[in-house]
Structure formats: C-alpha cells, structure tokens
Amino acid sequence: MPYFSPELTKIIEGFLKRYETKRSSILPILHAVQDEKDWISDQDIDALEKEFGLSVIDVREVMTFYTMYRKSPPKPYRFEICKSISCWLMGANESIEAVKKEIEKAKKEGRELPFEVHGVECLGQCGYAPSTLINKDRHNNVTPEKALALIKEYSAKELPKAAVNCAANLAASQKK
Ligand code: FES
C-alpha cells in the first residue's frame, strides 16, 4: 500500500517530472509533504526514498540547511513576534522572553501550553510595534503584559481544526 495519500503522490510525481534531476525537486516536494502533514518525519523521508528514489542523505541535507522545514510536530499555535528594528525598539525582545518564560513555567508545573514562540522579521505593521501573529491572527502593540493576556485568551479557546491535527501529531510523537 502506498505510504503517501493519492493527492500527495500525484503532486510529488508532478514535481519529479518537472525538474531535470530528482535532487532539484526536493525543495518543492518537501513543501508539499509539510503542507499535507504539518511536519516531516523520519518515516516520510524513508518513504520518499523507497517510493520515489529520493536519496535520504540528499533530503536530510536540504532539511538541515533550510529552517522552514519542521522536523517535529508543531504546537497548535505559532506565536510570531517581530524582532526587526521598530518592534525591537518598542520592546519585542521583552515580549518574546515573557512568552518563553510562561511556556517554561507551565512546563515545570506539568502543563503543556499550546504555543511555540518565534522571533521573526518585519511583519509590515511597523507603526504598531511590537507586532505579532498567532497563526493567522494579527495582534499589535504586544507588550509583555499583552502577550501573556493573549496566551491566556488562546489557551481558553477551542483549538482550530488544523491545530487539533497538530496536537494529535504531537501526542503521537511523544508516545514513541
Ligand atoms: S519592524 Fe516589526 S512589523 Fe516592521
């Protein structure tokens, strides 16, 4: 039985036909795998070699070079805080630290908050610094206090459908 879904298999085969060498099709193929599965596991990499002849070594090289490929299941909410100049001047680093500390504090108390935090480049809302995104929701003027309030607000919400899948992936990977 094929490892990948029929839709994803079709996409992968399309990329393999489009590019001159298998190696040059790795980037778009990895994007397609990640789009469907949220992240790229060791099993996915093995299956790419077994079913499509993509060398595990080549795929791993690409995965370790580029940061946009996720090597572990993402948390339900990706909290992005801009750390470019305007936001940095308005205290973005303090907001990032506040979120990190809150995540750590919860962990020590045996609670897993559904967030991962990332300092990112300009989000195009420099007039409202520090600017942030939680998944696709934009929040502006995010001081450390506001960041903690957002964590509380989102933690109390029902998880969106995509986030439920992420949570299931995360739980499955932690059982291994
Ligand atoms: S510098 Fe932060 S949004 Fe532009």
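Arg 60 and Asp 42 form a salt bridge, with their closest N and O atoms 3.4 Å apart. The pair links distant parts of the chain, since Arg 60 belongs to helix α4 (residues 56–65) and Asp 42 to helix α3 (residues 42–52), 18 residues apart. Arg 60 counts as partly exposed because its relative accessibility is 35%, and Asp 42, at 46%, is also partly exposed. The model is a predicted one, and it holds 11 salt bridges.

Another of these joins Glu 112 to Lys 75, the closest N and O atoms being 2.9 Å apart. Glu 112 sits in the loop between α6 and β2 and Lys 75 in the loop between α4 and β1, so the bridge ties together parts that are 37 residues apart in sequence. Glu 112 is partly exposed, with a relative accessible area of 45%, whereas Lys 75 is buried at 14%. Arg 23, Asp 58 and Glu 61 are linked in a network of salt bridges.

Helix α6 covers residues 92–108; its 17 residues should span 24 Å at 1.5 Å a residue, and its end C-alpha atoms are 24 Å apart, which agrees. Its buried residues include Ala 92, Ile 96, Val 99 and Ile 103. Seen down the axis, the buried residues of α6 fall within an arc of 160°, so they line one face of the helix. They pack against β1 (77–82), α5, β2 (115–120) and α7 (144–156). On the other side of α6, Lys 101 and Lys 108 are exposed.

Terms used:
Residues numbered from 1 in each chain as written. Predicted model: local features only at pLDDT ≥ 70, side-chain atom pairs only at ≥ 80, totals over all residues. Heavy atoms only, no water. Helix = DSSP H or I, 4+ residues; strand = E, 2+ residues; numbered from the N terminus. Expected span 1.5 Å × (residues − 1). Buried < 20%, exposed > 50% of the residue type's maximum accessible area, 1.4 Å probe, protein only. Arc of directions from axis to C-beta. Contact = heavy atoms within 4.5 Å. Salt bridge = Lys/Arg side-chain N within 4 Å of Asp/Glu carboxyl O.
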